[in-house]
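Colleague: Before we turn to particulars, could you take me through this model one question at a time?

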Amino acid sequence: MKILVTGGAGFIGSAVVRHIINNTSYSVINLDKLTYAGNLKSLESIADSGRYTFEQVDICDALELKRVFEQYKPNIVMHLAAESHVDRSIDGPGEFIKTNIVGTYTLLEQARHHWSQLEADEKALFKFHHISTDEVYGDLPHPDEQQADEPLPLFTEETAYNPSSPYSASKASSDHLVRAWARTYNLPTVITNCSNNYGPYHFPEKLIPLVILNALAGKSLPIYGKGNQIRDWLYVEDHAEALVKVATEGVAGQTYNIGGHNEKQNIEVVQQICLILDEIKPKPTKYSEQIIFVEDRPGHDMRYAIDASKIKNELDWQPKETFESGLKKTVLWYLENEQWCNNVLSGEYKLERLGVGVKD
Ligand code: NAD
């Protein structure tokens, strides 16, 4: 089995590639443009495997995609390549439209061309797995706005799309394109919509690594608004395992929601990181004294929460890590991998605030 992984040098993509090489006998072709978010250092542990190949290609480049499909003849495509940070999509939506919409369209067309030329037995095996986000559903009612006895709704696979940010709107568009290619051309596709991931090798513009690195550097820990926004956190290695399961065992035409059953307010997440650091890297003052509140993100979604019963019932997958165990592993990883962090921070990004508005 040959799996073409797009975006395999990113946070989740690299976890998928490491998972496939370490836990299966499949081969991986990692196709990645290497934007600011792509980092081959995240793949050093498996780069020497004879089952791993890297191709530096932009998913908007149809000719290069055609060459890769012809050269490697993959059985499965796992499509993760994307612009992925909401704050960056507020500052500059153009790249999100290009990569997430036009790039997905370009990849779908090349995958369709490749699939249409396969022999019947290979055609039956082939799958195009589109990796998406729960943010396409918009946000859910927050407990602060509900009566105590009112049940809190969750996102199911039937929840209507209602994206709020340029990022989630571009991902929603790409999901619709994938559905259209399945319905119109019978391309065997599966879509997964997942909640917020955290774990090792996470680019430090995102909340959890940003807080860990700022805390260790003695800098302030900025919290957007009141910090009461709720996310459903999933450890990235659990997500990688779920994704490989869906890519290999999922039913074509289906969508699966993936979540961690870990609804936490952002402020709770930050406080928990501070407590872990107080325990394993104590200093004279508490890390929580570095917390400051800053202006909220424009259009900030208040709550995401996933009903992951379909993937549990149909594919027998559920997360292994609790938020407590996963967060401790993550903090330890950042403490033990200073070189990876220094390398990432030697680029353009220096832990500054993003997402304050379009730069005209
Ligand atoms: P990431 O930003 O860490 O990585 C994205 C990768 O895609 C990078 O390696 C980058 O170089 C590559 N890439 C970007 N543009 C490209 C292009 N035009 N051609 C080829 N490669 C390109 O993202 P991530 O957090 O690993 O997310 C991966 C996927 O999972 C995305 O599609 C995202 O929408 C989805 N997702 C992420 C989360 C999360 O919490 N991070 C949750 C649910 C779903």
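Colleague: By class, how is the lining of the second largest pocket made up?

Modeller: This is a predicted model, in which local features need pLDDT of at least 70, side-chain atom pairs count only at pLDDT 80 or more, and totals for chains, interfaces and linings use all residues. Residues are numbered from 1 along each chain as its sequence is written, and side-chain values use heavy atoms, with hydrogens and water left out. Ala, Val, Leu, Ile, Met, Phe, Trp, Tyr, Cys and Pro count as nonpolar, Asp, Glu, Lys and Arg as charged, and the others, Gly among them, as polar. By class, the lining of the second largest pocket has 11 nonpolar, seven polar and seven charged residues.

Colleague: Which element gives the largest share of the lining of the second largest pocket?

Modeller: Helices here are DSSP runs (H or I, at least four residues), numbered from the N terminus. Helix H3 (86–91), helix H4 (94–116) and helix H12 (338–345) each give two or more residues to that lining. The largest share, three residues, comes from H12.

Colleague: What percentage of the 360 residues in the protein chain is buried?

Modeller: Buried means under 20% relative accessible area, calculated with a 1.4 Å probe and protein chains only. On that criterion, the buried share of the 360 residues in the protein chain is 54%.

Terms used. Buried means under 20% relative accessible area, exposed over 50%, partly exposed in between (1.4 Å probe, protein chains only).
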